[in-house]
Amino acid sequence: MKRFKYAFEGIRALFVKDFHFAGHLIIAFAVMIFGFVFGLDTIEWLFILNAIFIVLITEIINTSLEYTVDLVTDEYHALAKYAKDTSALAVLLAAFYAVITGLIIFLPKLIELFT
């Protein structure tokens with residue numbers, strides 16, 4: 001049970017440090033609603049859930065790295081900046097992957113709906 005306690009404390013710490021995570025959750029929830037509306041098949045759901053979790057996990061890792069860098073130094077250091085910037089890049093790439101995946105799955109369904 002302690003492991004769950006620590007995970008929930010991690011969620012709290014995540015929301016304190018990074019408001020972007022809440023935005024990702026809202027978008028993920030909206031995408032899942034669209035998935036139910038459009039009746040995604042199993043393979044499409046797997047890709048959508050994969051994209052959602054990749055974004056959420058990279059955001060968590062990014063925030064963890066920011067906490068660690070902030071712990072090590074409170075002064076500007078180029079290497080600390082690079083660590084934070086490359087970690088943010090990982091989140092950006094994950095978000096691009098999610099958008100591309102969503103477009104591949106939902107765009108044909110939207111086109112079919114309006115034609």
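**Exercise 1.** Work out whether Lys109 counts as buried, partly exposed or exposed.

*Solution.* Start with the cut-offs: buried means under 20% relative accessible area, exposed means over 50%, and partly exposed is in between (1.4 Å probe, protein chains only). Next, take the value for Lys109, which is 21%. That makes Lys109 partly exposed.

A quick note before you go on: this is a predicted model, where local features need pLDDT of at least 70 and side-chain atom pairs count only at pLDDT 80 or more, while totals for chains, interfaces and linings use all residues. Residues are numbered from 1 along each chain as its sequence is written, and side-chain values use heavy atoms, with hydrogens and water left out.

**Exercise 2.** Find the salt-bridge partner of Lys109 and say where the two residues sit.

*Solution.* First, the idea: side chains of opposite charge can pair when their charged atoms come close. The rule here asks for a side-chain nitrogen of Lys or Arg within 4 Å of a carboxyl oxygen of Asp or Glu. Now check the pair: the partner is Glu44, and the closest N and O atoms are 3.2 Å apart. Then place them: Glu44 is in helix H3 (residues 42-72) and Lys109 is in helix H4 (residues 78-114), so this pair links distant parts of the chain, 65 residues apart. (Helices are DSSP runs of H or I with at least four residues, strands are runs of E with at least two, and both are numbered from the N terminus.) Last, look at Glu44: its relative accessible area is 17%, so Glu44 is buried.

**Exercise 3.** Classify the ring pair Phe15 and Phe21.

*Solution.* Rings of Phe, Tyr and Trp (its six-membered ring) pair if their centres lie within 6.5 Å; planes under 30 degrees apart are stacked, over 60 edge-to-face, and the rest tilted. That rule gives 3 aromatic pairs. For Phe15 and Phe21, the centres are 5.6 Å apart and the planes meet at 75°, so the pair is edge-to-face. Phe15 is partly exposed at 30%, whereas Phe21 is buried at 8%.
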